[in-house]
Amino acid sequence: MKVFSFLGKTVDAFSKAAALIGALLIVPLIGSLTYEVVSRYILNSPTAWAYEMSYMFMGSIFLLGMAYALKVRQHVNVDLFYAIMPPRGKATMDMIGLAILLVALVWIVDALFLYALEAYEYQETSGASGWNPVIWPFRTVWVVGFGILTAQTAVELVRSIAILIKGDKEPGVWHD
């Protein structure tokens with residue numbers, strides 16, 4: 001159990017660190033959009049890169065925050081039914097949902113890894129603007145974000161199973 005506790009806390013820490021990095025990306029997102037607005041509407045000289053920077057920053061913010069949202073239980077839930085269930089009922093619902101999600105996430109991470117690798121090998125560019133940057137760094141963030149979400153999902157699944165076995169904790173109480 002100590003090994004799982006250590007692994008769980010390690011995955012929790014990665015989730016929190018990724019979310020913090022995602023949160024910090026809000027600063028350059030705001031800066032680049034502010035620069036674009038000033039450049040476009042005051043200087044009458046729009047940038048070629050603002051559109052792609054904004055979707056890459058915003059996408060990265062969401063991708064890096066997904067696992068932490070799961071960790072702190074801020075994901076979508078049908079609270080009407082969930083709230084009235086006993087701890088084991090909640091754990092059962094969590095276990096079923098997390099098991100299905102985990103299978104899907106493993107497949108998604110595998111596909112995204114190959115997608116990012118291909119973008120790197122061919123030095124694929126976005127083709128969405130005049131800037132036309134290589135796209136593999138953003139696709140790597142996809143892999144990292146979904147990889148951490150996969151690990152966090154596995155940890156939460158094991159935690160739900162532990163609640164089913166022991167029956168003495170509410171789902172989510174293992175979190176700091």
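**View 1. Glu124 and its salt bridge with Arg139 in the predicted model**. Glu124 is partly exposed in this predicted model, with a relative accessible area of 27%, whereas Arg139 counts as buried at 8% relative accessibility, because the limit for a buried residue is under 20%. The two side chains meet in a salt bridge, with an N to O distance of 2.8 Å. Since Glu124 belongs to the loop between H5 and H6 while Arg139 lies in helix H6, the pair ties together parts that are 15 residues apart in sequence.

**View 2. The salt bridge between Asp12 and Arg159, and the network around it**. Asp12 and Arg159 form a salt bridge in which the closest N and O atoms are 2.7 Å apart. Through salt bridges that share partners, Asp12 and Arg159 are joined with Glu156 into one network. A search of the whole structure finds five salt bridges, among them the pair of Asp12 and Arg159.

**View 3. The salt bridge between Arg73 and Asp94**. In this pair, too, a salt bridge is formed, and the closest N and O atoms of Arg73 and Asp94 are 2.7 Å apart. Arg73 is placed in the loop between helix H3 (50-71) and H4, and Asp94 in helix H5, so the contact ties together parts that are 21 residues apart in sequence. With a relative accessible area of 23%, Arg73 is partly exposed, because it falls between the limits of 20% and 50%; Asp94, by contrast, is buried, with a relative accessible area of 9%.

**View 4. The largest pocket and its lining**. The largest pocket has a volume of about 300 Å³. It is lined by 14 residues, of which His75, Val76, Asn77, Met93 and Asp94 are the closest to its centre. Helix H4 (79-82) and helix H5 (87-121) are the elements that give two or more residues to this lining, and H5 gives the most, with five residues. By residue class, the lining of the largest pocket divides into eight nonpolar, three polar and three charged residues.

**View 5. A nonpolar patch on the surface, with Val37 and Leu43 among its members**. Val37, Val38, Tyr41, Ile42 and Leu43 form this patch, and together they have about 560 Å² of accessible area. Val37 is found in helix H2 (residues 26-42), whereas Leu43 has its place in the loop between H2 and H3. Val37 is partly exposed, with a relative accessible area of 46%, while Leu43, with a relative accessible area of 59%, is exposed, because the limit for an exposed residue is over 50%.

**View 6. The separation of Val37 and Tyr68**. Along the chain Val37 and Tyr68 are 31 residues apart, and in the model their C-alpha atoms are separated by 32 Å. Val37, which is one of the residues of the nonpolar patch, belongs to helix H2 (residues 26-42).

Notes:
Residues numbered from 1 in each chain as written. Predicted model: local features only at pLDDT ≥ 70, side-chain atom pairs only at ≥ 80, totals over all residues. Heavy atoms only, no water. Helix = DSSP H or I, 4+ residues; strand = E, 2+ residues; numbered from the N terminus. Buried < 20%, exposed > 50% of the residue type's maximum accessible area, 1.4 Å probe, protein only. 1 Å grid on protein atoms, 1.4 Å probe; cavity = no way out; pocket = protein on both sides within 12 Å on 5 of 7 lines; lining within 4 Å. Points joined across faces, edges and corners; volume = space filled by probe spheres on them. Nonpolar A, V, L, I, M, F, W, Y, C, P; charged D, E, K, R; others polar. Salt bridge = Lys/Arg side-chain N within 4 Å of Asp/Glu carboxyl O. Patch = residues over 30% accessible without salt bridge, like charges linked within 9 Å, V, L, I, M, F, W, Y side chains within 5 Å. Areas by Shrake-Rupley, 256 points an atom, 1.4 Å probe, with all protein chains shown as cover.
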